[in-house]
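Look at the sequence and the model below. The paragraphs that follow go through a sheet, a helix lying across it, and a pocket.

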Amino acid sequence: MVRRLVRAARPCVRQLCHDAAASTRTSWAVCAAKGFSTGTGRPAQVSSASSTHAGLQPVDYAPASKPPSARPIDTRKSQLIRTYTSLLRTTPLVLFFQHSNLTAVEWAAVRRELKKAVAAVPAAVAVEGLDPVDLSPRVQLQVLRTNMFDVALKIVEFYDPEMAAASALTARTERGPLVHDLSRAAYETIRKTQIPAESMYAQIEPLMVGPLAALVMPAVSPAHLAAALSVLAPIPGKFPAPTRKRNPGYHDPTCQNGLAKLLLVGGRIEGKVFDQAGVNWVGGIEGGMEGLRAQLVAILQGAGLGITNALEGGSRNLWLTLEGRKGQLEDESKS
């Protein structure tokens, strides 16, 4: 009985402690703003004058590692937003999968087979002046918090820190304007922004439904993408699944149960939104990026050859006409 009473009273006590701490912080913030001092009248005047001379605000006392923000920066949600914004700015290829209650063992089995598949991709040919980078260890499949990822997408697309820093409405400290991703300026920007229908966010928003997982790659590599799709979203003939003889672990019931709960819904590649067909096209580029460059060169050469033939066609026809008329006139003069 006593334990039940203690358990029932615990939320009330926690709330009272929270309210008391909040009121204490507020009172000290007011005192700091007014240059309050616990000494005699003269030290209080000196303290006020020195604070006024320095031009410091209460936010200036915050450490550089914890700048003032629109939400508590120590919470998990805030850290997730910072993680996702960094991910979106630095990762050129992100594929989105809807998942349905995979267990920890199933996630481990799926990641094991994914790691095995991308590790089997041959190393890229070294280019002169550039060191080859092995992408296999950096290909990751991670679970997303949909709501926090949605906020991060808005920040990355619609919030411009440089524009916010130039605005007179942005809060400032002695270290400069507060324009980080969790700042009040970022919060007000994404709150007031009208989403254009042609924006990347408007195209990808329909995919942000239910529990999501993301396959992230640090570079656009069609070979690694094809290897990942052969495990996560196989297509017979294009991205065939590993055979039982070659990879028996893939056909393990635990792995198959986990893969059955994953559904590819689209991706974000080089800042553009692709549906499943577009993702399959990128993964099906033969020869990887070198093959894509060769296709582009062939297209440009073909276009140039077509223009040359079109320009030469008119002059060639005119020359043939004049030569024919010349021969006709010579025959008439001889006769």
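Helices (H or I, at least four residues) and strands (E, at least two) are DSSP runs, numbered from the N terminus. This is a predicted model, in which local features need pLDDT of at least 70, side-chain atom pairs count only at pLDDT 80 or more, and totals for chains, interfaces and linings use all residues. Residues are numbered from 1 along each chain as its sequence is written, and side-chain values use heavy atoms, with hydrogens and water left out.

Start with the sheet. It is open and antiparallel, and its 5 strands come in the order β2-β5-β1-β6-β7; two strands pair if DSSP finds at least two bridges between them. At the edges are β2 (140-144) and β7 (272-274), each of which pairs on one side only. β7 pairs with β6 (residues 262-269) over 3 bridges, in the antiparallel sense. Lysine 272 in β7 is the bridge partner of isoleucine 269.

Next comes helix α4 (residues 104-119), which lies across β1 (93-99), β2, β5 (212-217) and β6; contact means heavy atoms within 4.5 Å. The helix runs at about 150° to β2, where axes are lines fitted to C-alpha atoms, for helices over the stretch in contact, and angles run from 0 to 180 degrees between N-to-C directions.

α9 gives the most, with 5 residues.
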